[in-house]
Amino acid sequence: MVDKLVPNDPRVKHHTTTLPSGHTYHYLEALPSSGTPAATVVLIHGFPDLSFGWRHQIPFLTSLSLRVIVPDMLGYGLSSAPSPIPPYSYKSLSTDLASLIQLVSPSHPIILGGHDWGGAIVWRLALRHPALILGVFSICTPYNAPNSQGYIPKKVLIDQFLPNFAYQLQFEDPTLENKIQAAGRDGIRKFLNILYGSKDSKTGKGHFVANVGIDLSLFDEGVKVEKSELLSEEELEFYVDQYERNGVHAPMNYYRTWDVNYEEEKADLVKEGKSKVEVPGMILTATRDTALPPKMADNMEQFFPKGLIKREVEANHWATWENPEEVNKAIGEFVGELLKGRAKGFKASI
């Protein structure tokens, strides 16, 4: 049984800071029970998640004598939730996170990890700010180099190459967002359960289908959505409380950054010929992830001159919750390689 945090767990400290961008970030800090930390690990969550999404990994990492920092990303939890789209671009978020890293670890590079959107963001952060990072890993989300081939509308890419991303067209459209908001707290609970793997009680099939999206009638009054088996009632209520604060508009904005990401990266990364991540990396895919199937990580090695480890776990998209033992083992081994001969006090994972 993997040790995990509970809501408002006393083993973590809560901090809030306002960064040079003007955005306020709430973040968790967890320390080893004794001794000086061997290194700092910064973990970035995805959608629809929170810093609490790393609850199965934080105690494990502190047991290895590591300090762990986990922000609520922009738009989530207790962090700022601006309404416009540009603050959620890869470049803007990388700038915010670089500022946060320099605040929490001004003298030493950190180990960086992400899941889902957090995975996409940590690759970009490592691409833009390699001096801040000792090594980077992503769970489920592969690395894609900046687009140097010219603009492609998202729908065209999905229709021709990535049908598993069709749900993103629904997520960026305000119709789903408005449907959730209109249903109030119950709508948020339904949405979270659906994304966390809730299944139809009659058919046993999941309500979320990557190449379609979500049946909007599920948000109608009187329609029941079963609770996901991946989290407890207490955990689910904590998530609903956090999402009820600002709604889902800001988190949905991540799916609306296609154009701004292209324009910003065309202006600097593509212009400068930057496509290679100059720190060691690890990609950990999940066998049953329908949105980000493992095959999407093929051919990543060419962009990692300092090495890329590829691992796979038996799990769905929420691998950090469904199979935390194997996820933690992979993270521990990757961190161990990064710190070999470098850090005192690191406890090899067992």
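Predicted model: local features only at pLDDT ≥ 70, side-chain atom pairs only at ≥ 80, totals over all residues.
**Largest pocket.** α10 has the largest share, with 7 residues. Now colour the lining by class: 25 residues are nonpolar, 12 polar and 7 charged.

**Second largest pocket.** Move to the second largest pocket, with a volume of about 670 Å³. Here 30 residues form the lining. Centre the view on Leu195, Tyr196, Gly197, Asn316 and Trp318, which lie nearest the centre of this pocket. Show α5 and α7 (184–195) as well; each supplies at least two lining residues. By class, the lining of the second largest pocket has 14 nonpolar, 8 polar and 8 charged residues.

**The sheet.** An open sheet of 8 strands runs in the order β1-β2-β4-β3-β5-β6-β7-β8, with mixed pairing. Which strands stand at the edges? Select β1 (12–18) and β8 (308–313). Each has a single partner strand, so one side of each is left without a neighbour in the sheet. From one strand to the next, the twist averages 20 degrees.

Zoom in on β1 and β2 (24–30). These two strands run antiparallel and are joined by 7 bridges. Pick Lys13, then look across to β2: Glu29 stands opposite.

Then select α12 (324–339). It lies across β3, β4 (66–71), β5, β6, β7 and β8. Relative to β6, α12 runs at about 160 degrees.

**α2 against α3.** How do their axes cross? They come within 9 Å of each other, at roughly 75 degrees. Angles of 65 to 115 degrees count as roughly perpendicular, and α2 and α3 therefore fall in that class.

Show side chains at the contact. From α2, select Tyr90, Lys91, Leu93, Ser94, Leu97, Ala98 and Ile101. From α3, select Trp117, Ala120, Ile121, Arg124, Leu125 and Arg128, the residues they meet. This contact divides into 9 nonpolar, 1 polar and 3 charged residues.

**The cavity.** Last stop. How many cavities of 30 Å³ or more does a search of the whole structure find? There is 1. The volume of the largest cavity is about 40 Å³. Select its lining: Leu50, Gly75, Tyr76, Gly77, Gln242, Tyr243, Asn246, Gly247 and Pro251. Then colour helix α8 (233–246), which gives the most to this lining, with 3 residues. Of the lining residues, 4 are nonpolar and 5 polar, with no charged residues.

Methods
Residues numbered from 1 in each chain as written. Heavy atoms only, no water. Helix = DSSP H or I, 4+ residues; strand = E, 2+ residues; numbered from the N terminus. Nonpolar A, V, L, I, M, F, W, Y, C, P; charged D, E, K, R; others polar. 1 Å grid on protein atoms, 1.4 Å probe; cavity = no way out; pocket = protein on both sides within 12 Å on 5 of 7 lines; lining within 4 Å. Points joined across faces, edges and corners; volume = space filled by probe spheres on them. Pairing = 2+ DSSP bridges. Axes fitted to C-alpha atoms, helices over the stretch in contact; angles between N-to-C directions. Contact = heavy atoms within 4.5 Å. Parallel < 35°, antiparallel > 145°, perpendicular 65-115°, else oblique.
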